[in-house]
Amino acid sequence: VFIIFFGMLQWMLNAQVHVLLRHAAFVAARAEAVVHPGMADAGDEGQVVQAAQIVLQTRYQGTIEITRALAPALSQKPQTVTVAIDLPCKVPLGNVIACGRSRTLHLEASSSFPNQGAAYQTIWGTGG
């Protein structure tokens, strides 16, 4: 009974982090669409990682790996961002059931967001 309880507890914690990770991917994609490096008024690219960290900081303190698939700066195509983490499973007994022998679960989520302001770059006089 204890093993089942602890396994369910670990699965619940994993599911909670996965929901946060999906939201972090959305927030990072939104940040990427706003601070696109090819735009003249682009912000700091570190803001994309910082945006994902802010969302995940309540349940995850480790390294966040972000992969970007950027569209050209002046297009309306979506910016796609993938956020990946290696979540350590810490619930005794439940960590082996829910995460396997490694006691670590690799989670990743992707999200896309249209480029913001790209159609107005020529109006602002900063685009091609």
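Of the 128 residues of the protein chain, 36% count as buried, where buried means under 20% relative accessible area, exposed over 50%, and partly exposed in between, with a 1.4 Å probe and protein chains only. The model is predicted, so that local features need pLDDT of at least 70 and side-chain atom pairs count only at pLDDT 80 or more, whereas totals for chains, interfaces and linings use all residues. Residues are numbered from 1 along each chain as its sequence is written, and side-chain values use heavy atoms, with hydrogens and water left out.

**Exercise 1. Describe the order of helices and strands in the protein chain.**

Solution. Begin with the inventory, which is 4 helices and 3 strands; these are DSSP runs, helices being H or I of at least four residues and strands E of at least two, numbered from the N terminus. Read from the N terminus on, the elements follow the order α-α-β-β-α-β-α. Then turn to contacts, meaning heavy atoms within 4.5 Å: among those between residues at least 6 apart in sequence, 67% join residues at least 24 apart.

**Exercise 2. Identify the salt bridge and state where its two residues lie.**

Solution. The structure holds 1 salt bridge, defined as a side-chain nitrogen of Lys or Arg within 4 Å of a carboxyl oxygen of Asp or Glu. Its partners are Glu32 and Arg68, with the closest N and O atoms 2.5 Å apart. The pair links distant parts of the chain, since Glu32 belongs to helix H1 and Arg68 to strand S1 (residues 65–69), 36 residues apart. As for accessibility, Glu32 is buried at 1%, while Arg68 is partly exposed at 31%. Val48 itself is placed in helix H2 (residues 46–56) and is buried, with a relative accessible area of 0%.

**Exercise 3. Characterise the largest pocket by its volume and lining.**

Solution. On a 1 Å grid over the protein atoms alone, a pocket is an open set of points where a 1.4 Å probe fits, with protein on both sides within 12 Å along at least five of seven lines, and lining residues have an atom within 4 Å of a point. The largest pocket has a volume of about 240 Å³, a volume being the space filled by probe spheres set on the points, which are joined across faces, edges and corners. Its lining comprises 13 residues, of which Leu13, Arg59, Leu87, Pro88 and Lys90 lie nearest the centre. Helix H1 (2–34) and strand S2 (78–88) are the elements that give two or more residues to this lining, and H1 gives the most, with 5 residues. By class, the lining divides into 7 nonpolar, 4 polar and 2 charged residues, where Ala, Val, Leu, Ile, Met, Phe, Trp, Tyr, Cys and Pro count as nonpolar, Asp, Glu, Lys and Arg as charged, and the others, Gly among them, as polar.
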